[in-house]
Number of protein chains: 2
Amino acid sequence: MRKLLIVLGLCKLSIISFAQNEDSMMIRHIADEILVNGKAYDNLHDLTKNIGGRLTGSPQMYKAEAWGQKAMNVSGADKVWLQECKVPHWIRGGKDEASFNVKMKKNPAKLDVIALGNSIGTGPKGVSAEVIEVRSFDELEAKKEEIKGKIVFYNYKFNPTFIRTFLSYADAVQYRGYGPSRAAKYGAVAVIVRSMTHSTDNIPHTGATRYNDSLPKIPAIAVGLKDADLLDSILQKQKISVFIKTNGQFLPDTIGHNVIGELTGTEFPGEIITVGGHLDSWDPAEGAHDDGAGVVQTMEVLRTLKALGYHPRHTIRFVLFANEENGTRGADKYAEEAKAKNEKHIFALETDAGGFTPRGFGFTGSPEQMARLRSWIPLLIPYGVYEIEDGGGGADIDPLNKALNTPMSELAPDTQRYFDYHHARTDVFENVNKRELELGAINMAALIYLVDKYGL
Amino acid sequence: MRKLLIVLGLCKLSIISFAQNEDSMMIRHIADEILVNGKAYDNLHDLTKNIGGRLTGSPQMYKAEAWGQKAMNVSGADKVWLQECKVPHWIRGGKDEASFNVKMKKNPAKLDVIALGNSIGTGPKGVSAEVIEVRSFDELEAKKEEIKGKIVFYNYKFNPTFIRTFLSYADAVQYRGYGPSRAAKYGAVAVIVRSMTHSTDNIPHTGATRYNDSLPKIPAIAVGLKDADLLDSILQKQKISVFIKTNGQFLPDTIGHNVIGELTGTEFPGEIITVGGHLDSWDPAEGAHDDGAGVVQTMEVLRTLKALGYHPRHTIRFVLFANEENGTRGADKYAEEAKAKNEKHIFALETDAGGFTPRGFGFTGSPEQMARLRSWIPLLIPYGVYEIEDGGGGADIDPLNKALNTPMSELAPDTQRYFDYHHARTDVFENVNKRELELGAINMAALIYLVDKYGL
């Protein structure tokens, strides 16, 4: 009996090791295809240089949708369609400006600034007021009596001691998101926010702010780190007034689209795996890392599976989501329609953390599903992925997870450089490395292959 | 008895977990010190911008030695000294040039080239000859009758399918190292080598060539990938001659120095741990990744241990090695003197793979030592290091390992971008990321701390 068990055990072992060997060979084929014939980098060049920034509602958004539709066809989708959704239409409206006068100097000093996304403009005459600096919301509250009629300068530092820089972002982004309304509550006339970055340059970073509709909406700009430190050092010694001119406004909502490509499943066509990134991007740059990288990686997964002649068991949807940056209406629409049509979604994978060298995936699902994912790590280690972290998803697949309890995952690349470029004019093609971008696509394709083959 | 064992077991467990907790706190302190007060990036700026390329024998080499000595003192070494060694003195001697004529075009087309390090110049008149392309040494052998009087163009591609790019380098670098002499054997008058890179630009990469002294020494240049592909495409259709002018020569050997700083051990002053990188660099750029990064990381380990008031049990030597790029005479001298003085070297750590985000260490030592190192991985994972690979060391500590059997290790950062910059004029400060550089220093300091505390 014992012998039989051993023999059975060996059989099982050899079946497992045969399967693992087969998987490891398949993933090697995926890697070779991407590293030798990859199109992600060329596609990114095309998207960033021929279209550029793709803010929701802008003419570039429509160009990007048409581009995505075409690229999805070229990459080999069985079907490609646009999924319509109503989207907000914020425009920057002109050049953002800010300057200040220092005693004894004749000319005003310029600040390198960018208006926060969704923020209201100052009007053509601008706004000029004394600046009051606070380093936290606690300090704002402590100084609430002094705020009226002033410009609040949130000088909250991006914490350098978090190794994963998204934690520094999560810690600091509240000042961009809620700072304007919290200052408006005490009568501030505008807000300056220290950029959410640890970059060594002085470039300001934009991103969405969220007004509280019950409070006055005041203009809000970001400054880079050197200007933030400059303001701080001057304010230690003297009072200053800053002049701000911004031109942001909301036009009426308009129509945008998720671009969707599909490889139809051979065994379970009604069971859907989603993989995607977002097509829109902030306007100051080319949206190369955020999220051009995710867009072209998504299409690279499609192209690669097709090029290798892989026929998925489940239906795989490749989605370029609309309006992630200032509304997530594309994501909401995708989830809403999935629910309305009673679709079965077995897994969703998002890529929206930059085209950097991969380190892992995040995952939200059951402990059993997590255990299965982690059992695949040995297959991914040769390609740089060594951990599946608890928690994971992203703005574009969270609604699907909420609506249908779909297990969800996100590619987790190295985070050290992400906030150097995030929402800044340096988020350009030249700052993306071809091989790092490709390694991300390799690991995504490998994970999609494994989920498709074994289920979750 | 069983109970006692359990109690003892629990004690042991809690001692281990207390020690691990203590270590994890110490490494957290190391990380905070480097991320908040780090000097590596500023030091790198100083070295690269105020001194620049530091080829052995050049005036910049001497400047860098003086700089290193001073920086070592500032960083807090107990003693600092220079270790003299005889070094080769190759000079580029002027601008490297190459051009070719294509039928029907009036003006010659220029190639962007750089002479290989250690290569002999063409003389002021240059050399002009028909080009014969080979894609491998096998093809060279097959065409050996056609080589005489020609310029051999080695167009061997940097293999994109290796995930670790050092494997692509190990695979391709033989054409730079041995190509000139192997071509000279069959009467070639010069050599053009496709650069050892997968960069997307056209910038040529230099590096040492190694002549066989029994064969004629012929000039040798590298071309970037676009020029290599251009030559290849033209040569498919027509014969072409290329004109090459280079000016390299060896001057008589001169004197260089290893710069050494020391923290003297409190318990075992006679047992030495070495940590280092190399101070010299190729001349076309600033030697920022190769190996300015290693230099400043080495000093950052010193500065950090000192700043934290850590008194090492063993003596720790921080070494900026001379002449790694074209002779390794500094490394040889260090090992030679260690042996002559009968020093006890318990561990050596090298950092010479660029200032990129860390992924692991390589290690050469006994299986027991390897097991000990691997038992520390959980302490390093939060800082990005998740593997200790078999094999490791580097040109600057290999001689020590050979002479005294010293266990040796090297920092293994992510390799995707390294060969974009390696030995090319793009190896400049701007291409080093502050936090990636710092994370390397954190892991190095952590490993040195662990080896010092527990031995190997």
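User: How many residues of chain A are in contact with chain B in this predicted model?

Analyst: In this predicted model, 30 residues of chain A are in contact with 30 residues of chain B. Contact here means heavy atoms within 4.5 Å.

User: How much area do chain A and chain B bury between them?

Analyst: About 2500 Å². Carbon and sulfur atoms account for 53% of it. Ile163(A), Gln416(A) and Arg435(A) supply 25% of the area that chain A buries against chain B, more than any other three residues.

User: What makes the pair Arg417(B) and Glu436(A) a salt bridge?

Analyst: The cut-off is 4 Å from a side-chain nitrogen of Lys or Arg to a carboxyl oxygen of Asp or Glu. The closest N and O atoms of Arg417(B) and Glu436(A) are 3.0 Å apart. That is within 4 Å, so the pair is called a salt bridge. The rule finds 2 salt bridges across the interface of chain A and chain B.

User: Which elements of chain A each supply at least two residues of the side that touches chain B?

Analyst: They are α1 (2-37), β14 (358-364) and α13 (434-454). Between the two chains, 20 residue pairs are in polar contact, both residues at pLDDT 80 or more.

User: How do you know that Lys306(A) and Asp78(A) meet in a salt bridge?

Analyst: Their N to O distance is 3.3 Å. The limit is 4 Å, so the pair qualifies. Side chains of opposite charge can pair when their charged atoms come close.

User: Where do Lys306(A) and Asp78(A) lie in chain A?

Analyst: Lys306(A) is in helix α7 (residues 288-307). Asp78(A) is in the loop between α3 (59-75) and β1 (79-91). The pair links distant parts of the chain, 228 residues apart.

User: Why is Lys306(A) called partly exposed?

Analyst: Its relative accessibility is 40%. Buried means under 20% and exposed means over 50%. The value for Lys306(A) falls in between, so the residue counts as partly exposed. Asp78(A) also has 40% relative accessibility and counts as partly exposed.

User: Which residues form salt bridges with Arg135(B)?

Analyst: Glu139(B) is one of them, with the closest N and O atoms 3.8 Å apart. Asp232(B) is another, at 2.9 Å. Both distances are within 4 Å, so both pairs meet the rule. The bridge to Asp232(B) links distant parts of the chain. Arg135(B) is in the loop between β5 (127-134) and α4 (137-142), and Asp232(B) is in helix α6 (residues 225-237), 97 residues apart.

User: Is Asp232(B) buried or exposed, and why?

Analyst: Buried. The relative accessible area of Asp232(B) is 16%.

User: Which residues of chain A are linked in a network of salt bridges?

Analyst: The network links Glu133(A), Arg135(A), Glu139(A), Lys143(A) and Asp232(A). Over all chains, the structure holds 65 salt bridges.

User: How many aromatic pairs does the structure hold over all chains?

Analyst: The count is 31. Tyr156(B) and Tyr175(B) form one that is stacked.

User: Why is the pair of Tyr156(B) and Tyr175(B) called stacked?

Analyst: The ring centres are 4.7 Å apart, and the planes make 25°. Rings pair within 6.5 Å, and planes under 30 degrees apart count as stacked. Tyr156(B) lies in the loop between β6 (151-154) and α5 (165-184), and Tyr175(B) in helix α5, so the pair ties together parts 19 residues apart in sequence.

User: Which labels do Tyr156(B) and Tyr175(B) get for accessibility?

Analyst: Tyr156(B), at 23%, counts as partly exposed. Tyr175(B), at 5%, is buried.

User: What makes Arg182(A) sit over the ring of Phe137(A)?

Analyst: The rule asks for CZ of Arg within 6 Å of the ring centre and within 35 degrees of the ring normal. The charged end of Arg182(A) is 4.1 Å from the centre of the Phe137(A) ring. That meets the distance limit, and Arg182(A) is listed as sitting over the ring. In chain B, Arg182(B) lies over the face of Phe137(B), at 4.0 Å from the ring centre.

Conventions: Residues numbered from 1 in each chain as written. Chains lettered and ligands numbered in written order. Predicted model: local features only at pLDDT ≥ 70, side-chain atom pairs only at ≥ 80, totals over all residues. Heavy atoms only, no water. Phe/Tyr/Trp six-rings, centres within 6.5 Å; stacked < 30°, edge-to-face > 60°. Helix = DSSP H or I, 4+ residues; strand = E, 2+ residues; numbered from the N terminus. Buried < 20%, exposed > 50% of the residue type's maximum accessible area, 1.4 Å probe, protein only. Buried area = accessible area lost by both parts, 1.4 Å probe. Polar contact = N/O pair within 3.5 Å; in protein donor to acceptor, adjacent residues only side chain to side chain.
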